[in-house]
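Please read the points below with the sequence and the 3D view side by side, and take them one at a time. Each point is meant to be checked by eye before you move on to the next.

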Amino acid sequence: MDRDRIVALDKQRVWHPYTPMDRYRAEVDPIVVARAEGPYLWDVDGSRLIDANSSWWVASLGHNHPRLVQALKDQADRNCHSALAGMTHQPASELAERLCAVAPDGLEHVFYSDDGSTAVEVALKVTLQYWAQAGQTKRKHFVALQEAFHGETLGVTAIGGVDVFRAPFKGAVLENFFVPTPTQAGGLEPAVDALRSVLDAHGDELSAVVVEPVVQGASGMQMYDPAYLREVRELCDRHDVFLVFDEVFTGYGRTGPMWAADHAGVLPDILCTAKGFSGGMLPMAATLVTPRLFEGFLGDADRAFYYGHSFCGNPLGSAIAVEVLKVYEEEHILDRAKPKAERIGEAFRALEALPAVARTRNRGMIGALDLAGDDGYLAQAGWRIYDEARRRGAYLRPMGNVVYVAPPLNIDDDVLVELLGIVADSIEAVS
Ligand SMILES: Cc1ncc(COP(=O)(O)O)c(C=O)c1O
């Protein structure tokens, strides 16, 4: 099929995510990916682009890592899929063991699902059912952070704080409490005070506090002081409210250490992982819980967690996820990413000198900047940078007026230098 035909069929039939479709159909010449390898995407027309956001933050080891592809092929020869109800298989068992070994100490049981949204959905349902079974039937609400993003199911939409994603469903989703991060509150103390007052007033109605630890990705790479996580832990303990870390984006070294929780040395009651968890190759997620939560579902049969997805614990995804953990360990991915992260930090700080740039920030393998002027998720300025970057050889999808990079953790230094140069040149070009 030639490129024009692919695009024509796409525009006729495919409804794209997060996309105003009329503008897309009228104006956009989409990238038509023929092949992906390492940090690169190749268009059908032969042009090559550096994937600056690891395809929505999933390809943490780059595209088509040969060891992951081999693990996929080997497993496909044995068993592509079998259910996880009353049966098991080696990849699911081995993965759970390896995952608990690298997770913060104290998370000992693994529930598999399909993607980041379902990993958090599981966390919400687990805490709600736990409290119902513990006889605390008032505990039906959650505390989330302002500007939070936890995915797209209706359940997690209820703890989402980004207005453009939540507004259409207002009234149809549970009402919860939203508190500011230290960055949004203007400091650690006012943020802790805000949370404390919600917990003091409503502690016995709360099921859990849910946070994206340290970096709020989808609201524009907003970052906050990790010390806040220790304060949240202490307040949750005081009120016996569960603490959920959504590490769907921040896990697997994106912010530096394996988990953002490690910045603060905090153990959550539940940790959600997806995206880089399966090397960005297949939809796969896990929700890790403490023995206390797990044991709350033991006893009579009606206390079990009657929840599951057809593909949970999929053998292909599990086999890849096992190999991902081996690659992290054997290729020293986190250590080798450190100097790359520093390079990203230096490059973004230097961009602050440009008049088009209002402010910059970085943590681990994330560099982000706010463009001056137009604000918010629907701002158009970022798309002008996108066009410039594409001309120069990078896929640099913005979030409103936020331009950012979150490349594979193992991106070669020379490719990273090229990418950071493209970011700077693209911004200068529109200044
Ligand atoms: C922190 C966080 N949680 C959950 C999700 C939802 O993940 P998925 O798109 O795989 O459902 C995302 C997606 O970006 C995310 O950033």
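The numbered points that follow go from the domains to a sheet, then to a single residue, and end with the ligand.

1. Please keep in mind throughout that this is a predicted model. The domain assignment divides the protein chain into domain 1, which is made of residues 31-64 together with 332-430, and domain 2, which covers residues 66-330. Taken over C-alpha atoms, the centres of domain 1 and domain 2 are separated by 26 Å.

2. Where the two domains meet, 26 residues of domain 1 are in contact with 26 residues of domain 2. On the side of domain 1 that touches domain 2, the elements that give two or more residues are helix 3 (54-57), helix 14 (333-351), strand 13 (357-363), strand 14 (366-371) and strand 16 (402-405). Helix 14 gives the most to this side, with four residues. Sorted by class, this side of domain 1 has 18 nonpolar, six polar and two charged residues.

3. Next, please look at the open sheet of four strands, whose order is 1-2-3-15 and whose pairing is mixed. Its edge strands are strand 1 and strand 15 (394-395), each of which pairs on one side only. Strand 15 pairs with strand 3 (residues 48-51) in the parallel sense, over two bridges, and Asp51 stands opposite Tyr395 in strand 15.

4. Val32 is found in the loop between helix 2 (21-27) and strand 1 (33-37).

5. Which residues does Val32 contact, if its neighbours within four places in sequence are left aside? The residues in contact with Val32 are then Arg3, Ile6, Val7, Asp43 and Val44. Pro355 lies 323 residues from Val32 along the chain, and the C-alpha atoms of Val32 and Pro355 are separated by 33 Å.

6. Finally, please turn to the ligand, which is surrounded by 15 residues, the closest being Asp115, Gly116, Ser117, Gly151 and Val248. Helix 6 (residues 116-133) gives the most to the shell around the ligand, with three residues. By class, this shell has six nonpolar, five polar and four charged residues.

Definitions and conventions. Residues are numbered from 1 along each chain as its sequence is written. This is a predicted model: local features need pLDDT of at least 70, side-chain atom pairs count only at pLDDT 80 or more; totals for chains, interfaces and linings use all residues. A residue is near a molecule or strand if its C-beta atom, placed from the backbone, lies within 6 Å of it. Ala, Val, Leu, Ile, Met, Phe, Trp, Tyr, Cys and Pro count as nonpolar, Asp, Glu, Lys and Arg as charged, and the others, Gly among them, as polar. Domain bounds come from an automatic or database domain assignment. Two residues are in contact if their C-beta atoms, placed from the backbone, lie within 7 Å. Two strands pair if DSSP finds at least two bridges between them.
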